[in-house]
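Subject: Structure handover

Hi,

Here is the structure for you to look through. My notes on what turned up follow below it.

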Amino acid sequence: MIEIVPSEEVPWEDVEAVFDGSEPRKCRCQRYKVEGWMWRDSTFDERYEAQCSQAALGSGLLAYVDGEPAGWVAVEPRNGYAKLLDMPIPWKGRAEDKDDPDVWAVTCFVVRKGYRRQGLTYELAAATVEHARSRGARAVEAYPMLADPGKAVTWGELHVGARQVFEEAGFVQVTHPTKRRFVMRVDF
């Protein structure tokens, strides 16, 4: 059984369990939050403390599988992602208020070892829609990648999710700013 719960309603230890021992443990979903050239401009301790504080305020959703913490998705108002707002690619071909607090963003997925390849990102992406809507969002958007068939991808490329995951959750393409990057959205 899968249960998806807002991060402010779960113990920090459950969020930590999803990140422990994996590559996302280093970034802590701070790539689009840390100002500067790269998220690595901050220290691990700074990113860890930031995520702990952000999760307590509801910066994501935690998925449980049979009562065990298994997956995470970062979703909150888009204007909380300073780095995202400064990146040119998501805004290519768009003219809108980047700081609109009523537009939410899905920026990062993490699935714990032992729970991967079971469709959990599909469940998490679908849950972001109702979560954002229930919190008063006007829209929720994502910035997924398209993986080339037969080509190996690294975690770092697909932490934003795959295009198909968002299509199945009801997101529609807004722009296609690069060969492999899309901006997808659900308007309420």
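Gln 30 counts as buried, because its relative accessibility is 2% and the cut-off for buried is under 20%. Bear in mind that this is a predicted model. Gln 30 sits in a loop, the one between α2 (24–27) and α3 (44–56). From Gln 30 to Ala 147 the C-alpha distance is 23 Å. In sequence, those two residues are 117 apart.

Helix α1 is also worth a look. It covers residues 12–19, and seven of its eight residues are buried, so α1 is largely enclosed by the rest of the structure. Trp 12, Val 15, Ala 17, Val 18 and Phe 19 are among the buried ones. Asp 14 and Glu 16 of α1 are buried too.

Now the overall fold. The protein chain has seven helices and seven strands. Their order along the sequence is β-α-α-α-β-β-α-β-α-β-α-α-β-β. Along the principal axes, the C-alpha atoms fill a box of roughly 40 × 35 × 35 Å. Of the 188 residues, 49% count as buried. Take the contacts with a separation of 6 or more: 68% of them join residues 24 or more positions apart.

Next, the interior. In soluble globular proteins, nonpolar side chains tend to be buried together. Here the largest nonpolar core has 26 residues. Val 106, Phe 109, Leu 120, Val 140, Phe 166 and Phe 171 have the most contacts inside it. Several elements each supply at least two residues of this core, including β2 (60–65), β3 (68–77), β4 (103–111) and α7 (163–168). Helix α5 (120–134) is on that list as well, and α5 gives the most, with five residues.

What does Leu 120 touch, leaving aside its neighbours within four places in sequence? Its contacts are Ile 2, Ala 63, Val 65, Ala 70, Gly 71, Val 111 and Tyr 115. Another core, of 22 residues, lies apart from the largest one. Val 5, Ala 55, Trp 72 and Met 145 are among its members.

Last, the surface and the charges. The accessible surface is about 9,200 Å², and carbon and sulfur atoms hold 51% of it. The chain carries 25 positive and 30 negative charges, and their mean positions are 8 Å apart.

Best wishes

Notes
Residues numbered from 1 in each chain as written. Predicted model: local features only at pLDDT ≥ 70, side-chain atom pairs only at ≥ 80, totals over all residues. Heavy atoms only, no water. Helix = DSSP H or I, 4+ residues; strand = E, 2+ residues; numbered from the N terminus. Buried < 20%, exposed > 50% of the residue type's maximum accessible area, 1.4 Å probe, protein only. Contact = heavy atoms within 4.5 Å. Areas by Shrake-Rupley, 256 points an atom, 1.4 Å probe, with all protein chains shown as cover. Lys, Arg positive; Asp, Glu negative; His and termini not counted. Charge placed at Lys NZ, Arg CZ, Asp CG, Glu CD. Core = buried A, V, L, I, M, F, W, Y, C linked by side-chain atoms within 4.5 Å.
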